[in-house]
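Subject: Structure handover

Hello,

Here is the structure I promised. Please open it first, then read my notes below.

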Number of protein chains: 2
Amino acid sequence: MQIIDGGVCAPAGFTANGIHCGIKKGRSTEDLALVESEVPCSAAAVFTKNLVKAEPVKLTKKHISNGRAQAVVLNAGNANACTGEQGYQAARRMANAAAVELGLPEQDVLICSTGVIGQQINIDAIESGIPELCAGLSKTGNVLARKAILTTDTQHKETAIETTIGGKAVKLGTMAKGSGMIHINMGTMLSVITTDCSITPRMLNAALRESVEKTYNCVSVDGDTSTNDTLIILANGLSGNPLISRKNANYRVFVDALNTINTEMARKIAGDGEGAEHLLECTVIGAKNDRSARALAKSVISSSLVKAAFFGKDANWGRILCAMGYSGECFNPEKASVFFNSGSGEVAVFEKGVPLNFDEERARIILSEGTVIIKIVIEDGVGTGTAWGCDLTYEYVKINGDYRT
Amino acid sequence: MQIIDGGVCAPAGFTANGIHCGIKKGRSTEDLALVESEVPCSAAAVFTKNLVKAEPVKLTKKHISNGRAQAVVLNAGNANACTGEQGYQAARRMANAAAVELGLPEQDVLICSTGVIGQQINIDAIESGIPELCAGLSKTGNVLARKAILTTDTQHKETAIETTIGGKAVKLGTMAKGSGMIHINMGTMLSVITTDCSITPRMLNAALRESVEKTYNCVSVDGDTSTNDTLIILANGLSGNPLISRKNANYRVFVDALNTINTEMARKIAGDGEGAEHLLECTVIGAKNDRSARALAKSVISSSLVKAAFFGKDANWGRILCAMGYSGECFNPEKASVFFNSGSGEVAVFEKGVPLNFDEERARIILSEGTVIIKIVIEDGVGTGTAWGCDLTYEYVKINGDYRT
């Protein structure tokens, strides 16, 4: 398995593009993206668990119900959520315009929107932009596409890898956007994964769900599960590997590859959380089981107090124990140990239930790095799990105190 | 029912005091408080649901198990949590010192601690201070006691009322501290309620639990349920009302009075949340039932994004719908309406599923008041519920970025 370039365009048969169509007013930055496969794909998706679902989520759920799709259109700047019947019609027009231009059945086009909630989307601008968007599809279009889906993100999020399945080189590529309204039931993000793997829709769906559980569902920026979360995977089969139609060894190789890129994206989304100065990675070792370990880790990285302490580079480990304590998981605090580590070394702060006298200055240096790892060891079993979050900063409050204007 | 002065000293037979014993280093502010009844009381308490419980919580749970107590000692500046066996012994010494000085059985003394987690408490300072603390008990000692329990609170929190039960005047008084690590399963707070009502321990316990459900358990400052939450009620029976031993009309009058003071304290704790500039009160009308209405309201006031928007005086109602959507409660978003109101008037922003064009400037003026009410009307039943929170500010991040030093 190796990392390669090209993002969503890396797998055979996929092209992409991004343009500025006018949803983001007065800005010339890209706001409309397209990813297309030259042949129909097996398709699967995971959506927000929020009861209030954006209109594009409702439409895409319908379109993907047959396990098949060929293109994804995405816009940033407007979430098209809480917009009623008018919003749903706009979503339909968005999918239809792309379908007409690409010569595809409308049902094979999926759509995603992200941005402000509760304002009608400028669908005229999208329709006007679609011809240019489709005409510009190319093998290097991932560069514009990955940019066109960003909102408050400060960095684009993309990766791709190559693995071998049944003797054939299989590629997976992905792009995603963070960075606010992100919580552990599918962080508020949009993400598209492409692959040239040959796999049935049923196995693709199983692989996606299995992978999401320990990657995307272990990310939190601010505890808010959005109305628009959508993670789509398209598999066009062009790599020529033996079709994966059951959970055999090839399926496992595919899931491993999927976990690799999804973990990388989870880290990128958390690290670029709104206002974030630090990526926090919390690993719990020795829990009852993996699920419990992940739940404990998620509770830690979701705590506002833990997040604020890391912003202050303050080794306030008591808040970590506190967050584990209200996670709903059982563990023995008297056998818990906590360590902080980063590129600058490791410090133990709590050992088997007893506070340690540690060097505060050394701890501060360790916590000053961009990526900080919280390692928690308990003695309740062999479960391990990791979750990703970020610190809570003045900048987060600033960004979200006046997001709409 | 009328509001009266005197806080925890208002009911007959209760005295209090507060002193500086030295837990808060280098500061001369009060840090040790005592509330005592001249006769033994029926007693009940509600504690944190956090699995990681502070040592005073463990001890007080034991002491109150017989439904009886006569005094409460409280300290600020150190939570005595995650301190292991040494911490538990310190908790015992704290209760014992007061019991000896007051001439009470040790089991009749309850204790509470609040402050930083994970540092050993200065028990010598507490023991040295106890004689002065007990000697100074008085009917006006509520003024020093209410101050001695504060941490990052900017205001003291106290109230008292008088009601009539069975022809007798019955008084209830209370004091509490906020203001960080506060969430809906018993916000991180300490609170003592005193009353001269005559009521059995069993009925006192039932009344407390009933009242907490819609008062203290509807407050969130930052989503973190602390290790130290303790709410204690002492009833000494000196008002001479007919003993309340079952859920009769007198019991209801007592619960009403309890709800009144607990609601007032819930509002005070939320409004003085760490860094808060606004008290947010969210009322949901027309839910399936009261429990569901409260759950929806709690989800709204717990959202970091909603809280940041109110800090920015930004009428970003989409985030309110989003928070309702991930609350886990069922409702029909297409029949939901949202209004903001305050001393400056009311503005409708979303009506029966459709975004309204409202006057942004007028909305900004309404959201500039210290108390802002979010009114949500849905059409799923006759349930109503209210929850209290505060905005998320730079100051919250500042306070919690470097709390320990």
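Along the principal axes, the C-alpha atoms of chain A fill a box of roughly 70 × 55 × 35 Å. Please keep in mind that this is a predicted model.

**How the chains are related**

Chain B superposes on chain A by a rotation of 180°, with 0.0 Å of shift along the axis and an RMSD of 0.0 Å. The two copies are thus related as by a two-fold rotation axis. Which residue of chain B comes closest to that rotation axis? The answer is B:Y394, whose C-alpha lies at 2.5 Å.

**The interface**

On the chain B side, 53 residues are in contact with 52 residues of chain A. Four elements of chain B each give two or more residues to this side. They are helix 8 (304–311), helix 9 (318–325), strand 13 (354–355) and helix 11 (394–401). Helix 9 of chain B supplies the largest share, seven residues. By class, the side of chain B that touches chain A has 26 nonpolar, 20 polar and seven charged residues. Of the interface residues of chain B, 98% are also interface residues in chain A, so the copies meet through the same surface.

**Helices 2 and 3, chain A**

Helix 2 (residues 84–102) of chain A packs on helix 3 (residues 123–135) of chain A. The angle is about 20° and the axes are 9 Å apart. That makes helix 2 of chain A roughly parallel to helix 3 of chain A, as angles under 35 degrees count as roughly parallel. The crossing of these two helices of chain A is right-handed. Helix 2 of chain A contributes A:A90, A:R93, A:M94, A:A97, A:A98, A:E101 and A:L102 to the contact. Helix 3 of chain A answers with A:I123, A:I126, A:E127, A:I130, A:P131 and A:C134. Those residues divide into ten nonpolar, no polar and three charged.

**Helices 2 and 3, chain B**

In chain B, helix 2 (residues 84–102) and helix 3 (residues 123–135) pack at about 20°, with axes 9 Å apart. Helix 2 and helix 3 of chain B are therefore roughly parallel to each other. Their crossing in chain B is right-handed. Among the residues that make the contact are B:R93 and B:E101 of helix 2 of chain B, and B:E127 of helix 3 of chain B. The contact has ten nonpolar, no polar and three charged residues.

**Helices 1 and 2, chain B**

How do helix 1 (residues 55–63) and helix 2 of chain B cross, and at what angle? Their axes come within 8 Å and cross at roughly 50°. That makes helix 1 of chain B oblique to helix 2 of chain B. The crossing is right-handed. From helix 1 of chain B come B:E55, B:P56, B:K58, B:L59 and B:H63. Helix 2 of chain B brings B:G87, B:Y88, B:A90, B:A91, B:R92 and B:A95. By class, this contact has six nonpolar, two polar and three charged residues.

Best wishes

Conventions:
Residues are numbered from 1 along each chain as its sequence is written. Chains are lettered from A and ligands numbered from 1 in the order in which they are written. This is a predicted model: local features need pLDDT of at least 70, side-chain atom pairs count only at pLDDT 80 or more; totals for chains, interfaces and linings use all residues. Axes are lines fitted to C-alpha atoms, for helices over the stretch in contact, and angles run from 0 to 180 degrees between N-to-C directions. Angles under 35 degrees count as roughly parallel, over 145 as roughly antiparallel, 65 to 115 as roughly perpendicular and the rest as oblique. A crossing is left-handed if the near helix is turned anticlockwise from the far one by less than a right angle, and right-handed if clockwise. Two residues are in contact if their C-beta atoms, placed from the backbone, lie within 7 Å. Ala, Val, Leu, Ile, Met, Phe, Trp, Tyr, Cys and Pro count as nonpolar, Asp, Glu, Lys and Arg as charged, and the others, Gly among them, as polar. Copies are superposed by least squares on the C-alpha atoms of residues with pLDDT of at least 70 in both.
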